[in-house]
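This briefing is for a reader who is meeting the structure for the first time. Please look over the sequence and the model, then read the points below.

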Amino acid sequence: MTSRIRSHTDPHPFAPRRRTVVKAAAAGVALAAPTAAAVPARAAETPAFLHGVASGDPLPDGILLWTRVTPVPEAVPGSGLGPDVEVNWTVALDKAFTTVVAKGTVTATAASDHTVKADVRGLAPATDYWFRFSAAGTDSPAARTRTAPAAGAAVANLRFGVVSCANWEAGHFAAYRHLAARGDLDAWLHLGDYVYEYGTGQYGTRGTVVRPHAPAHEILTLADYRTRHGRYKTDPDLQALHAAAPVVAIWDDHEIANDTWSGGAENHTEGAEGAWAARQAAAKQAYFEWMPVRQALAGTTYRRLRFGKLADLSLLDLRSFRSRQVTVGSGEVDDPERTLTGRAQLDWLKAGLAASDTTWRLVGNSVMIAPFAVGSLSAELLRPLAKLLGLPREGLAISTDQWDGYTDDRRELLGHLRANAIRNTVFLTGDIHMAWANDVPVNAGTYPLSASAATEFVVTSVTSDNLDDLMKVPEGTVSAVAAPVIRAANRHVHWVDTDRHGYGVLDLTAERAQMDYYVLSDRTRADATSSWARSYRTRSGTQKVERAYTPV
């Protein structure tokens, strides 16, 4: 794609075990043309903006704009069909577009699946803008976005939505709708598993497929990944959230395949499902085509954003460089030759945290960093927990897919925080389909006598199965039993909810960082209601979590 925009120079370079065995025949099916089911019937309109509009990665002077245009009916996502089309973009200070501040043109082509991005610069900091696209006389919906505060600005408050783990088949995305309706977000963070790779019926939905995937088979090829992203982007609640505030996103494993590591994945069979390198490349290409995310380094999602003097946000890629997950109890979790982050990313993270002059140092982190022991759980509770975390069904309590499986990286990072007296580091985490509020101890075995180096807020899943779903019991049944046991075995865990779906809202002031946890009434209903569940905060300088009794 080509782009003509006002300014283009960036002055701020961004310093379950396998659930299904795929037959060889399935790999052949994956090569077939994607189904038109990924696009609603109104694709007959030409051109059309059927997948919404989005913005992301806010800077003090700019924002990244995204859309996908359908130039002709047959140009469905992943088809490789359709002519080139010029797409105009406009940014204004008002929704009526009477005060236009920037405009330009990009070209949508089949080579980029007719997705386009415009990296707009020259904007004012901490300012709300409206934007839209147009092609051949057809306008896209208008959307709101917001730039980041100036780097040296004193900022009184920031507010971010926080989400992860949205399995299309398991329910509707009401969590996105409720976040969009707030109207008070500076941005929203997606901490991974924005899409899932499985075929229809192959991943947990409490036994009910609420709405089927497109394509129906497990996604393997570039066309497959494009089609799956296209299906997700037809969701009205997801479109509404993208139109309400800029997103800041990282990937976890399901954007590629379950338990991804640098050389493969648990949910990939070499040969029968093609070459891992080709599948990984296809997944990453489709992700960057379909998401308003800047690549700080080719093929990764690690980068850093700043929000005035109040906070910076270091975003991690914990899949591209990691060593293969090891067997629980093997002792290899402590091997210093194994890594979760990769050497370059860990050095980048440490340097950024040490050099930061903001009040808060946020880390967008796709898998839980706080240690987690479940050895004292009963077999009845351990089995579904093991399935969710990828643990053996009996025995040791450790998830080797999380930081627990890469303890040398964790020791180095937490030791760095302590040795350099780096305060107010808050990890924001997804992946585990449960809500947690954790201190992050330097030595979990002696905590609370030993120090806490940071804090961690983990958000539950938007729709993906929790423990009660896996056990097919009423909501709250598992948490009532498991939460006290988990907390007793993990004294740094202040709260855990194993059973509910929802989202978080992170509110920052100079005095505290507070996470408000919200839960949905029923993930299978598009009209699900939302209610406040709990709040936890960390006061500046404490490196510890405490309960707050009202949401902000």
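Which residues does threonine 429 touch, not counting residues up to four places away in sequence? They are Leu191, Asn365, Ser366, Val367, Met368, Glu456, Phe457, Val458 and Val459. The model is a predicted one.

**Threonine 429**

- Threonine 429 is part of strand β18, which covers residues 425–429.
- Its relative accessibility is 0%, so threonine 429 counts as buried.
- Asn365 is one of the residues that threonine 429 touches, and the side chains of threonine 429 and asparagine 365 are joined by a polar contact of 2.9 Å.

**Asparagine 424**

- Asparagine 424 sits in the loop between α8 and β18.
- With a relative accessibility of 6%, where the cut-off for buried is under 20%, asparagine 424 counts as buried.
- The side chain of asparagine 424 makes a polar contact of 3.0 Å with the side chain of serine 540.
- The side chain of asparagine 424 also reaches the backbone nitrogen of glycine 541, at 2.7 Å.
- Apart from neighbours within four places in sequence, asparagine 424 is in contact with Thr359, Trp360, Arg361, Arg539, Ser540, Gly541 and Gln543.

**Helices α6 and α8**

- Two packed helices are described by the angle between their axes and the distance between the axes.
- Helix α6 spans residues 343–355 and helix α8 spans residues 407–419; the two pack at an angle of about 15°, and their axes are 10 Å apart.
- Angles under 35 degrees count as roughly parallel, and α6 and α8 are therefore roughly parallel to each other.
- The crossing of these two helices, α6 and α8, is right-handed.
- On the α6 side the contact is made by Arg343, Leu346, Asp347, Leu349, Lys350, Leu353 and Ala354.
- On the α8 side the contact is made by Asp409, Glu412, Leu413, His416 and Leu417.
- In the contact of α6 with α8, six residues are nonpolar, one is polar and five are charged.

**Helices α3 and α5**

- Helix α3 (residues 222–232) packs with helix α5 (residues 276–290) at an angle of about 35°, and the axes lie 8 Å apart.
- The crossing of α3 and α5 is right-handed.
- From α3, the residues that take part are Leu222, Tyr225, Arg226, His229 and Gly230.
- They meet Arg279, Ala282, Ala283, Gln285, Ala286, Tyr287, Glu289 and Trp290 of α5.
- The contact of α3 with α5 has seven nonpolar residues, three polar residues and three charged residues.

**Alanine 444**

- Alanine 444 belongs to the loop between β19 (435–441) and β20 (452–458).
- Its relative accessible area is 33%, so alanine 444 is partly exposed.
- In sequence, alanine 444 and phenylalanine 372 are 72 residues apart; in space they are 9.0 Å apart, C-alpha to C-alpha.
- Neighbours within four places in sequence aside, alanine 444 is in contact with Pro371 and His492.

**Cis peptide bonds**

- Most residues other than glycine have a negative phi, and most peptide bonds are trans.
- The peptide bond between alanine 214 and proline 215 is cis, with omega about -10°.
- Proline 215 is located in the loop between β11 (187–190) and α3.
- Tyrosine 447 and proline 448 are also joined by a cis peptide bond, with omega near 15°.
- Proline 448 lies in the loop between β19 and β20, and alanine 444 is found in the loop between β19 and β20 too.

**Residues with positive phi**

- Aspartate 57 is not a glycine, yet its phi is positive, at about 45°.
- Aspartate 57 is placed in strand β2, residues 53–59.
- With a relative accessible area of 0%, aspartate 57 is buried.
- Arginine 206, which is not a glycine either, has a positive phi of about 50°.
- The loop between β11 and α3 holds arginine 206, and proline 215 is in the loop between β11 and α3 as well.
- At a relative accessibility of 29%, arginine 206 counts as partly exposed.

Terms used:
Residues are numbered from 1 along each chain as its sequence is written. This is a predicted model: local features need pLDDT of at least 70, side-chain atom pairs count only at pLDDT 80 or more; totals for chains, interfaces and linings use all residues. Side-chain values use heavy atoms; hydrogens and water are left out. Axes are lines fitted to C-alpha atoms, for helices over the stretch in contact, and angles run from 0 to 180 degrees between N-to-C directions. Helices (H or I, at least four residues) and strands (E, at least two) are DSSP runs, numbered from the N terminus. Angles under 35 degrees count as roughly parallel, over 145 as roughly antiparallel, 65 to 115 as roughly perpendicular and the rest as oblique. A crossing is left-handed if the near helix is turned anticlockwise from the far one by less than a right angle, and right-handed if clockwise. Contact means heavy atoms within 4.5 Å. Ala, Val, Leu, Ile, Met, Phe, Trp, Tyr, Cys and Pro count as nonpolar, Asp, Glu, Lys and Arg as charged, and the others, Gly among them, as polar. Buried means under 20% relative accessible area, exposed over 50%, partly exposed in between (1.4 Å probe, protein chains only). A polar contact is a pair of N or O atoms within 3.5 Å; within protein, one must be able to donate a hydrogen and the other to accept it, and residues adjacent in sequence count only if both atoms are side-chain atoms.
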